[in-house]
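Hi,

Here is the structure I promised to pass along.

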Amino acid sequence: LSENIFEPLEMKDTGFYLTEEKQKRMAKQYKFVESTSKVIEIPLANAYAIGSEYESGGAGLISSADDYIKFANCLSNKGKSQNGEQILSERTINLMRTNHLDEAALKNFNWVQMAGYGYGLGVRTMIDRAKGGSLSPIGEFGWGGAAGAYVLIDPENELALFYVQHMLNSQEPYIHPRIRNLLYYCLGK
C-alpha cells in the first residue's frame with residue numbers, strides 16, 4: 001500500500017501505526033446520545049485496530065483529512081495522481097463504480113442514506129437519481145465511515161468531496177444526502 005498508493009500520492013500521514021507525534025494530532029471522538037439529544041466525548045480507543053496483516057481501513061489504517069482527499073481526488077481523476085502518475089486504471093475505477101447487486105440483493109441494501117445507490121466493488125454507486133433524490137450523476141460513488149465520515153467521488157465531473165466527522169451514531173441518513181445535494185446545487189449541476 002505504501003509503495004503503490006501512499007508514496008505516489010504523497011500521503012505522509014497514512015499508515016497502520018500511529019506514532020506518538022501523530023497521536024497528539026488525533027481529533028477527539030464523540031457519540032450522539034439520542035435519548036438526551038446530547039453529544040458526549042468518548043475515548044479514542046479502536047477495538048478494530050488489528051495491525052498491518054489485515055488490510056482494512058476500519059481495522060487500523062489511519063489517515064488525515066489532507067491525505068484522504070488526495071486519494072479521493074486520484075479516484076475522481078480516473079486513477080491519476082495530481083502529478084499525473086497512473087495509480088489505478090480507468091477501467092478499474094469504472095469496475096469499482098458499477099453496480100454488482102441484483103434486484104434481490106438491492107432490496108437488502110436499504111439504508112435511508114443509500115436510497116438510489118447500488119453497490120460496486122467496496123463502494124456505493126449511484127444507479128437511480130430519482131429514487132435517491134440525488135443531484136449527483138449516475139456512477140458517482142464513495143463510502144461512509146463508522147463515525148460519520150463521508151467521501152463522494154465523481155469521475156464524470158472530476159470531483160471529490162471528503163467530509164470528516166468524529167461522532168458515533170452520527171445521523172448519516174440526515175447528513176450525507178444533504179451534503180451530496182448541497183455540493184451539486186452549489187455547482188449548478
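Let me start with α7, where the buried residues are Glu-172, Ile-175, His-176, Pro-177, Ile-179, Arg-180, Asn-181, Leu-183 and Tyr-184. Please keep in mind that this is a predicted model.

What do those buried residues pack against? Their partners are β3, β4, α6 (129-132), β6 and β7. The helix itself covers residues 172-186 and lies across β3, β4, β6 and β7, running at about 35° to β6. With 15 residues, α7 reaches 21 Å from its first C-alpha to its last, close to the 21 Å expected at 1.5 Å a residue. Just after α7, Gly-188 has a positive phi of about 75°.

Now to the strands. Five of them form an open sheet with antiparallel pairing, in the order β3-β4-β5-β6-β7. At the edges are β3 (117-119) and β7 (159-163), each of which pairs on one side only. On average, neighbouring strands of this sheet are turned by 25° against each other, direction ignored.

Within the sheet, β4 (residues 124-126) pairs with β5 (residues 141-144) in the antiparallel sense, over two bridges. Which residue of β5 stands opposite Thr-125? That is Phe-141.

A further helix to look at is α3 (residues 65-76), which lies across β5, β6 (150-154) and β7. Its direction is at about 150° to β7.

Happy to talk any of this through when you have had a look.

Best wishes

Terms used
Residues numbered from 1 in each chain as written. Predicted model: local features only at pLDDT ≥ 70, side-chain atom pairs only at ≥ 80, totals over all residues. Heavy atoms only, no water. Pairing = 2+ DSSP bridges. Helix = DSSP H or I, 4+ residues; strand = E, 2+ residues; numbered from the N terminus. Axes fitted to C-alpha atoms, helices over the stretch in contact; angles between N-to-C directions. Contact = heavy atoms within 4.5 Å. Expected span 1.5 Å × (residues − 1). Buried < 20%, exposed > 50% of the residue type's maximum accessible area, 1.4 Å probe, protein only.
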